[in-house]
Amino acid sequence: MGVTPIRKPEEKTVDKAAQIMIRRAEELGIETVYHRYEKQQPQCGFGSLGLCCWFCMMGPCRIDPYGVGPSRGICGADANTMVARRVLFHIANGEAAHGEHAFHVLETFKGAVEHSLEGRPYPYRIADERKLRSIAKRLGIPDAETRSVLDLAVEVVKKIEEDFTRTTEEPLNVFRAYSIESRRRIFERLGIVPRSIWREAFEALHRIHVGVDADYRSLLAHGLRTALADCYAMLTATELQDAMFGTPRPVESYANLGVLKHDEVNIVVHGHNPLLSTKVVEVARSEDALKLAKDVGAKGINVCGICCTANEVLMRLGIPSAGNLLHQELALATGAVEAMVADYQCVMPALADVARCFHTKLVTTMPIARIPGAIHIEWKAGRADEVAWEIVRTAVENFPRRARERVFIPDIKSKLIAGFSVEAIVEALGGSLAPLIEAIKRGDIRGIVGIVGCNNPKVPQDRGHVELAKELIANDVLVVGTGCWAIAAAKAGLMSLEAQALAGGRLRKVLEALKIPPCLHMGSCVDNSRILVALNAVAEALGVDISDLPVFGSAPEAMSSKAVSIGTWFVTQGVNVHLGVIPPVLGSELVTKLLTEDVEKLVGARFVVEPDPKKAAEIMLDHIDRKRRALGLPA
Ligand code: BF8
């Protein structure tokens with residue numbers, strides 16, 4: 001069966017490598033996400049407005065936005081209830097994803113601590129004692145600077161386990177430890193302090209069950225609470241990952257499909273959790289693995305990544321990124337990948353079909369995430385080294401099966417610097433945030449915008465990410481970010497020192513002095529918590545609330561429930577959030593108004609929807625300037 005060609009690939013993606021690979025896939029008869037998106041047109045109008053409900057089996061129900069057909073579902077839910085339930089569903093879905101990720105990291109961390117206490121070998125250990133001490137200190141564990149690391153780790157585990165299992169109304173320990181006073185007061189007043197990582201998502205699912213919460217205001221209020229639980233679940237994941245694998249420091253690497261190699265075994269790690277991808281890198285870099293590869297005629301083993309597990313191993317180990325969400329099938333369509341190793345989240349089931357067209361092995365690894373057509377090599381914390389070896393061996397043994405005549409790797413990649421954890425930024429600033437704060441006060445840094453989130457085939461891949469970032473840096477705004485935005489920015493060259501030339505004159509001076517790019521890669525999506533930690537520190541240093549800062553958040557190409565949840569917690573934390581893709585809420589005027597206007601009165605920030613990146617930049621600059629004036633800072 002042929003594939004109907006995309007009319008103009010340049011309208012689907014601004015990434016040249018992707019444009020080339022769309023055509024290459026079509027030549028080979030391979031359907032990709034871009035083609036499937038076209039086949040889905042026109043998408044359901046009811047669903048796009050949030051006016052379709054399938055939460056019970058009386059449904060699906062839909063509401064007529066023009067007021068001619070039904071105005072209520074069979075249970076009597078009106079448009080406001082329907083849309084609000086759907087928003088809460090997305091937030092809970094995102095929180096569950098990050099919460100499970102954090103839980104898997106916690107379980108592994110606990111395993112590392114217990115094995116160390118008993119003197120037994122284990123694939124994981126505490127690699128960053130400094131970070132562990134800082135976590136313990138934050139959590140209020142006594143003598144965090146002097147006690148043994150293992151002693152502290154035992155207590156850290158206890159505190160974080162409580163955050164999953166708490167049955168009282170007490171707040172999360174991590175929330176207490178990492179939130180600032182001014183925000184805590186707001187959350188307490190609104191009754192949205194997060195209590196337990198599991199409980200908030202659980203309660204959300206209960207509330208959206210047929211016949212429970214029908215008031216859009218209370219549904220959305222719980223949405224804010226669940227989003228806060230998400231925020232601190234992500235922070236938990238980041239902190240423990242740093243303690244286990246090391247806190248990122250600036251590191252050079254490359255991004256885009258050109259990182260795949262003709263003469264090496266290519267292993268692409270994909271997904272989100274670094275627990276296995278880090279191990280795969282360790283094994284692939286070993287002498288024994290290199291020997292295996294040479295035995296089958298390869299020059300070496302090239303590990304690269306897709307999506308956020310790529311960001312994890314890029315940030316800590318300098319592993320190149322083959323691309324963001326919409327690159328996943330294109331990477332396989334090169335015919336050069338021996339194994340794609342997936343953990344979970346944002347891994348498209350269609351990968352199995354693309355892999356089947358080549359010698360490529362698609363390997364699923366997590367018990368909760370299987371794909372028909374993939375081979376499953378299951379990760380278990382205690383067996384992580386063996387599992388990583390099995391995966392690397394599978395890939396190496398597959399190398400001789402590569403059909404060289406069908407290999408097509410676009411020779412496109414960009415140089416980047418990643419690894420900007422808060423600790424690394426502080427180091428780059430000479431030991432404290434003071435120089436950054438002074439630069440903000442002077443106006444050399446006009447403001448800071450965090451751009452995050454996905455690709456979404458509803459908008460041209462990377463266009464919003466790149467145009468928005470370019471516009472902002474040209475106007476002296478420092479851009480930081482994570483996730484698929486970070487990969488987009490890297491592919492566009494915005495994370496190289498050469499990109500300093502694109503910055504406005506005042507920002508450029510700062511960047512040159514610090515030898516940093518204008519767009520700072522702060523990590524994977526869970527590492528959005530790093531942005532919050534930085535904003536908290538800046539707000540405290542200036543003696544103001546986060547909502548007073550000249551900052552903005554943006555998800556120009558948001559796609560997943562995780563993105564909905566992240567956007568919601570940024571707003572709840574007092575940061576305005578721009579969305580470049582229209583979310584499915586327009587079916588309810590009241591919900592739309594609450595999210596884009598009224599919520600500001602509650603938490604000091606709101607959502608802004610603007611598909612045009614240039615206009616979005618104008619909105620952000622205007623907001624930043626207003627906040628500067630309110631703080632008495634010069635233009
Ligand atoms: O967690 S940015 S498409 S890869 S959801 Fe997924 Fe979105 Fe990419 Fe990372 Ni985040």
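Trainee: Where should I start? How much space is in the largest pocket?

Mentor: This is a predicted model, and its largest pocket has a volume of about 1,300 Å³.

Trainee: Which residues lie nearest the centre of that pocket?

Mentor: His-90, Asn-456, Lys-458, Met-559 and Pro-584 lie nearest the centre, out of 46 residues that line the largest pocket.

Trainee: Which elements give two or more residues to that lining?

Mentor: They are the helices H3 (33-39), H4 (45-49), H5 (79-118), H11 (216-245), H24 (561-572) and H25 (589-603), together with strand S16 (607-609). Helix H5 gives the most, with eight residues.

Trainee: And how do the lining residues of the largest pocket divide by class?

Mentor: There are 29 nonpolar, 13 polar and four charged residues in the lining of the largest pocket.

Trainee: What about the second largest pocket: how much space does it hold?

Mentor: The second largest pocket holds about 600 Å³ of space. It is lined by 25 residues, and those closest to its centre are Ser-134, Arg-138, Val-422, Glu-423 and Val-533.

Trainee: Which helix has the largest share of that lining?

Mentor: Helix H23 (528-542) is one of the elements that supply at least two residues, and H23 has the largest share of the lining, with six residues. Helix H6 (129-138), helix H8 (173-178), H11 and helix H18 (422-428) each supply at least two residues as well.

Trainee: How many charged residues are in the lining of the second largest pocket?

Mentor: That lining has 11 charged residues, along with eight nonpolar and six polar ones.

Trainee: What classes of residue line the largest cavity?

Mentor: The lining has 22 nonpolar residues, with no polar and no charged residues. The elements that each supply at least two of the lining residues are H18, strand S12 (477-481), helix H22 (505-514) and H23.

Trainee: What is the volume of the second largest cavity, and what lines it?

Mentor: The second largest cavity has a volume of about 140 Å³. It is lined by 20 residues, of which Gly-450, Val-452, Gly-553, Ser-554 and Phe-570 lie nearest its centre. Strand S14 (551-555) provides the largest share of this lining, five residues. By class, the lining of the second largest cavity has 15 nonpolar, five polar and no charged residues.

Trainee: Now the helices. What angle do H5 and H11 make?

Mentor: H5 and H11 pack at an angle of about 20°, and their axes are 8 Å apart. Angles under 35 degrees count as roughly parallel, so H5 is roughly parallel to H11. The crossing of these two helices is left-handed. Their contact has 20 nonpolar, 12 polar and three charged residues.

Trainee: And H5 with H7: at what angle do their axes cross?

Mentor: The axes of H5 and helix H7 (residues 149-165) cross at roughly 150° and come within 10 Å. Angles over 145 degrees count as roughly antiparallel, and H5 and H7 are therefore roughly antiparallel to each other. H5 passes H7 in a left-handed crossing.

Trainee: Last topic, the backbone. Which residues does a cis peptide bond join?

Mentor: Pro-42 lies in the loop between H3 and H4. Another joins Gly-59 and Pro-60, with omega about 5°. Pro-60 lies in the loop between strand S1 (52-53) and strand S2 (61-62).

Trainee: What is the phi of Asp-462, positive or negative?

Mentor: Phi of Asp-462 is positive, near 70°, in a residue other than glycine. Asp-462 is found in the loop between strand S11 and helix H20 (463-474).

Trainee: Why point out these backbone features?

Mentor: The reason is that most residues other than glycine have a negative phi, and most peptide bonds are trans.

Conventions. Residues are numbered from 1 along each chain as its sequence is written. This is a predicted model: local features need pLDDT of at least 70, side-chain atom pairs count only at pLDDT 80 or more; totals for chains, interfaces and linings use all residues. Side-chain values use heavy atoms; hydrogens and water are left out. On a 1 Å grid over the protein atoms alone, a cavity is a set of points where a 1.4 Å probe fits but cannot get out, and a pocket is an open set with protein on both sides within 12 Å along at least five of seven lines; lining residues have an atom within 4 Å of a point. Grid points are joined across faces, edges and corners, and a volume is the space filled by probe spheres set on the points. Helices (H or I, at least four residues) and strands (E, at least two) are DSSP runs, numbered from the N terminus. Ala, Val, Leu, Ile, Met, Phe, Trp, Tyr, Cys and Pro count as nonpolar, Asp, Glu, Lys and Arg as charged, and the others, Gly among them, as polar. Axes are lines fitted to C-alpha atoms, for helices over the stretch in contact, and angles run from 0 to 180 degrees between N-to-C directions. Angles under 35 degrees count as roughly parallel, over 145 as roughly antiparallel, 65 to 115 as roughly perpendicular and the rest as oblique. A crossing is left-handed if the near helix is turned anticlockwise from the far one by less than a right angle, and right-handed if clockwise.
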